[in-house]
Amino acid sequence: MEKNYRPIIEFVLAREAGFVDDPDDPGGATNMGITIATLGAWRGGNATVAEVRSLTRHEAELIYHRNYWTAAGCPDLPAGVDLVVMDACVMSGIEPSLNFLRRQLGLAVKLRNAHKLYPKTEKHLRVFEQQRLQERLHFACMPAVVAGVSERRRDFYRSLGTFTKFGKGWLKRVDMAQRLAMHLWATQSLTPD
């Protein structure tokens, strides 16, 4: 739900705090969760570590809104589900996060090709996929969807080679996201739009 963007981006930015350049993080130089590659793509070229370091909160929010929130269809997701999908997008990418949701709803997932890239989807097919997702969500139990997506995230993070270093923080973040998602669902499902 679009009205949830503000509390969700606040949640994300509180977890993605300032600049880091950990050699064990495959994302490389990152600021507020925006990697050097993401910033370069946003600006239409290659970004430098200095540019990542000087990224403003305003620009980070613009990147998150367009490249994650809108790209993943979060404005059309129910309260709570929008948060767990958005947070998963930030941590894992759009297609993996949507795959967590697709699997939970019993829909087909997208797989990477031999080049480890997800296939591009034609616009009309994306609309169809979004409609199928919405149909499934219409009849789903939202607390079960939130819990299921969260558990799929935990399983995914546990499978990563960097889990021993970063895993405790990742799991804590998923727990926090799940609690806030349940709060958003509970408070918004009881009041009309």
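**Order of elements**

Read from the N terminus, the protein chain runs α-β-β-β-α-α-α-α-α-α-α-α, a total of 9 helices and 3 strands. Helices (H or I, at least four residues) and strands (E, at least two) are DSSP runs, numbered from the N terminus. This is a predicted model, in which local features need pLDDT of at least 70 and side-chain atom pairs count only at pLDDT 80 or more, while totals for chains, interfaces and linings use all residues. Residues are numbered from 1 along each chain as its sequence is written, and side-chain values use heavy atoms, with hydrogens and water left out.

Let me turn to the sheet. The 3 strands form an open, antiparallel sheet in the order β1-β2-β3; strands pair if DSSP finds at least two bridges between them. Because β1 (19–20) and β3 (34–35) stand at the edges with a single partner strand each, one side of each has no neighbour in the sheet. Between β1 and β2 (residues 30–31) there are 2 bridges, and V20 has T30 in β2 as its bridge partner.

Now the interior. Of the 193 residues, 41% are buried, that is, under 20% relative accessible area with a 1.4 Å probe, protein chains only.

Methods. Buried means under 20% relative accessible area, exposed over 50%, partly exposed in between (1.4 Å probe, protein chains only).
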